[in-house]
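Here are my notes on the model you sent. Please read them with the structure open.

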Amino acid sequence: MEQIQLIPNNSLITSTPEEGRQLAVKIARLIIKLTQPDDQKRKEQREIYANDPLMLIQIGQTVATEYATIAAANNYWRKDEK
């Protein structure tokens, strides 16, 4: 089984909120890949959730949770503003 690094570069620290959001999306995608390692099955399942508004909302919630964790790790990007 392929070893998946769940925290890219082993760090949640980003320079900007935009980079933090991008990292949140990447982490959420890595969790899906870890949960369903079969590429073909993930492609097949994409057809299901792409047409289900509630599943899409849940994806957004997953990313939001990851983003909150990243924002906290970055002290909400305020450290550089002081």
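Predicted model: local features only at pLDDT ≥ 70, side-chain atom pairs only at ≥ 80, totals over all residues.

1. Helix α3 runs over residues 53-73, which makes 21 residues. From first C-alpha to last, α3 reaches 30 Å, close to the 30 Å expected at 1.5 Å a residue.

2. Val63, Glu66, Ile70 and Ala71 are the buried residues listed for α3. They lie on the same side of α3 because they cover an arc of only 145° around the axis. Leu54 and Thr65 are exposed, on the face of α3 turned away from its buried side.

3. At the N-terminal end, α3 is capped by Asp52, with a side-chain oxygen 3.0 Å from the backbone nitrogen of Leu54. Just after α3, Asn75 has a positive phi of about 50°.

4. Helix α1 (17-35) is what the buried residues of α3 pack against. α1 has 19 residues and spans 27 Å from its first C-alpha to its last, close to the 27 Å expected at 1.5 Å a residue.

5. Gly20, Leu23, Ala24, Ile27, Ala28 and Leu30 are buried in α1. These residues cover an arc of only 160° around the axis, so they sit on the same side of α1. The buried residues of α1 pack against α3.

6. Which residue lies over the face of Tyr67? Arg21 does, at 5.1 Å from the ring centre. As for aromatic pairs, a search of the whole structure finds zero.

Technical notes
Residues numbered from 1 in each chain as written. Heavy atoms only, no water. Helix = DSSP H or I, 4+ residues; strand = E, 2+ residues; numbered from the N terminus. Expected span 1.5 Å × (residues − 1). Buried < 20%, exposed > 50% of the residue type's maximum accessible area, 1.4 Å probe, protein only. Arc of directions from axis to C-beta. Contact = heavy atoms within 4.5 Å. Polar contact = N/O pair within 3.5 Å; in protein donor to acceptor, adjacent residues only side chain to side chain. Phe/Tyr/Trp six-rings, centres within 6.5 Å; stacked < 30°, edge-to-face > 60°. Lys NZ or Arg CZ within 6 Å of the ring centre and 35° of its normal.
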